[in-house]
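Hi,

Here is the structure for you to look through. My notes on it follow below.

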Amino acid sequence: MIDKATVAQILDAADIVDVVSDFVSLKRRGANYVGLCPFHNEKTPSFSVSRAKGICHCFSCGKGGSPVNFIMEHEQLSYYEALKYLANKYHIEIHERELTDEEKIEQSDRESMLIINENACKHFEQNLFGTNEGRNIGLAYFNERGFSEQMIRRFHLGYSIDKRSDLYDAMVANGYNPRYLFETGLCIASNDGQSGGYDRFRGRVMFPVLNLAGKIIAFGGRTLKHDKAKYVNSPESLIYKKSNELYGLYQAKQAITKHDKCFLVEGYADVISMHQSGFENTVASSGTSLTEGQIRLIHRFTDNVTVLYDGDSAGIKASLRSIDLLLAEGLNIKVLLLPDGDDPDSFSRKHSSSEIQAFIDEHEEDFIRFKIRILLQGCENDPIKRSEVITDVVKSISVIPFPINRSVYTQECSRLLDIDEQVLKNAVERNIIEARKKSYQRNNAPQAQQQTISTQPNTNGEKVAVSNNVPSDNEKSKLLYPYEEAVTRYIIKYGMSDFCDAIDENYETETPTRLTLLEYIDNELTLDEMHFTNHIFSKIYGMALGLIGNFNPTMETYKQKLDEECNTRRSQSIEQIRQECQSLDEINMREKRIDAELEQYRDEQLTTFRNNYIEKILCSSEDDEVRQMSIKLVSEKYHLSKIHTKYNKVQTEYDKLITLVPEAIYNWKSTLILCQIKDIRKQLETEEDPTKVENLLKQMQDLFALRSQLAKYLGERVVNPKI
């Protein structure tokens with residue numbers, strides 16, 4: 001649907017660090033960046049982002065990839081939706097053809113539901129500002145709460161007209177499919193099945209819920225009447241899982257990263273009022289109990305969380321479970337107890353920003369002090385209740401993942417509760433051991449072995465099963481799999497690298513033709529009529545060969561841009577040199593040094609371009625299997641410690657390709673020969689014709705001779721798979 005030129009422009013513009021930074025707080029580590037993985041729960045960063053390679057990778061769960069794949073995985077978008085997301089981010093105009101009726105029908109439910117929600121939000125906003133009912137009821141309520149127009153528009157607040165089917169009628173009249181109105185929960189189907197549907201949120205002020213990408217995924221509606229249900233929220237759907245969303249995080253994520261701190265409140269109004277007071281690093285759990293998914297969202301952006309509680313002691317005790325979940329995630333937790341009768345909304349409306357900050361600085365306290373103080377209220381002289389408090393506090397300390405932090409909190413608890421520190425340490429250790437036993441039993445429960453299957457959205461946005469590429473049951477395929485995988489990996493990572501000379505009969509009289517690594521592999525496989533038995537490797541190989549024709553023009557264009565950059569840098573450097581230097585000799589010496597540095601820089605950039613050419617394209621391929629396998633093969637599992645590279649230049653894999661690639665191909669050939677020998681042995685077991693037996697023995701002898709020749713090259717590196 002998007003033309004190739006636009007796709008190429010999007011892939012060139014998408015900077016992996018820039019894209020990932022929208023969702024994960026990254027820190028520089030050497031040439032790469034690291035952060036907490038957004039795809040699984042972790043306490044220490046294992047998510048690595050390489051700007052040079054243009055990919056990200058989690059060393060724990062294995063997810064990541066190119067900017068396109070990252071957006072697909074993180075936002076659960078189809079390939080084309082991810083491209084559109086990146087195009088919008090980098091202000092690239094999309095050139096696409098008109099969809100056919102069949103393609104319109106095949107549009108993903110997810111995209112349709114997002115579109116429905118976006119237009120419903122616009123409808124509610126129009127109601128708020130453009131209708132008498134909206135202004136007199138909805139806008140008047142927001143003004144009464146002290147929300148400025150800037151905040152109202154920032155959070156896309158709106159109003160649902162108090163009519164049975166105002167939204168339903170408007171959306172259907174504009175051609176939207178009623179099915180998506182029902183699936184998003186905006187409307188409810190009539191019981192009679194004939195009169196369409198009616199609005200879920202009628203007569204309520206509306207609070208849209210946005211995901212990290214800024215897409216509207218749900219709504220909360222507050223009634224202004226005496227209604228049993230003060231708040232009504234969207235039901236869970238394909239696009240909305242409330243346990244994985246936080247209200248206000250889209251608006252707060254930059255401030256959280258900037259301040260390295262997150263304020264956690266309970267409701268919609270609390271978030272908006274805090275933002276209006278200047279505390280834009282505030283999010284809410286939307287009135288629900290805090291979940292692990294929501295905590296992981298916060299942890300992507302900061303390690304520091306302050307939980308704001310109002311003065312309701314009963315409510316606080318019921319909410320203390322949230323602290324344990326935050327601690328278990330490895331976060332640094334503080335608590336701020338507001339004055340009696342105040343919640344974050346009312347408190348922020350009563351005080352200026354400086355007064356709020358002063359109150360935070362004075363009253364913010366560590367969770368251990370807060371929890372002990374709250375739980376001990378009224379039971380200081382009751383030994384039984386006091387022991388229950390100690391047990392509860394010890395349980396909280398036990399979930400902290402870092403031993404040093406646990407030790408510090410144990411000491412503090414010992415001092416505050418006047419109990420022997422060793423007793424507390426023993427109790428903490430018992431809790432940890434018990435938790436590990438339960439975790440082990442849970443993770444090692446007997447279950448039927450299954451082939452690893454994941455689901456990925458295809459190009460139409462539909463979920464399809466994608467095998468994790470385990471070799472088939474065919475014995476030959478199993479034997480060949482590791483060798484085909486190794487060769488495929490070299491193709492993806494270094495396929496267009498300048499590799500060797502092509503030797504022919506005119507080699508001594510003419511300048512030899514230089515071959516890329518991919519061309520060398522293609523020659524070797526063609527010469528011996530070798531083929532990939534694994535269909536994904538075969539597909540990748542074919543796609544790589546198809547890129548050869550476009551490589552040279554692309555390389556020339558890149559060279560021109562690189563030369564322009566080097567010339568500009570040289571001119572600027574020479575101008576600076578002539579201003580700083582006093583003698584002609586010094587000027588000449590520094591100019592030569594600049595030329596040498598620029599020449600080295602140019603060579604390094606061209607080598608990097610060659611090395612990354614195929615990898616960049618295949619890791620962003622619209623073919624799900626190709627993209628996933630390419631990402632898997634290029635992701636580095638380990639990096640050398642700085643101690644190994646500080647004083648000596650370490651030979652890289654790229655430096656050793658001239659040895660590694662032929663070795664991989666010869667091991668593949670050797671295994672093929674062994675498979676052929678095995679086939680002949682099977683035939684000999686049943687063959688009775690003397691002539692045919694003689695021919696089979698001759699073939700086996702020739703195969704052993706071939707393998708002997710390969711062994712001379714491979715030497716001790718020869719691999720003997722069990723056959």
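Phe367 and Tyr409 are both buried (under 20% relative accessible area with a 1.4 Å probe, protein chains only; exposed is over 50%, partly exposed in between). This is a predicted model, where local features need pLDDT of at least 70, side-chain atom pairs count only at pLDDT 80 or more, and totals for chains, interfaces and linings use all residues. Residues are numbered from 1 along each chain as its sequence is written, and side-chain values use heavy atoms, without hydrogens and water.

How do the rings of Phe367 and Tyr409 pair? Their centres are 4.8 Å apart and their planes are at 70°, so the pair is edge-to-face. Rings of Phe, Tyr and Trp (its six-membered ring) pair if their centres lie within 6.5 Å; planes under 30 degrees apart are stacked, over 60 edge-to-face, the rest tilted. Phe367 is in helix H18 (residues 367-376) and Tyr409 in helix H20 (residues 403-417), 42 residues apart. Helices are DSSP runs (H or I, at least four residues), numbered from the N terminus.

The count comes to 29 aromatic pairs. Ring pairs also build a cluster, with Tyr141, Phe142, Phe147 and Phe155 among its members.

Two lysines sit over rings. Lys89 lies over the face of Tyr90, 5.6 Å from the ring centre. The charged end of Lys253 is over Phe23, 5.3 Å from the ring centre. The rule: NZ of Lys or CZ of Arg within 6 Å of the ring centre and within 35 degrees of the ring normal.

Best wishes

Technical notes
Helix = DSSP H or I, 4+ residues; strand = E, 2+ residues; numbered from the N terminus.
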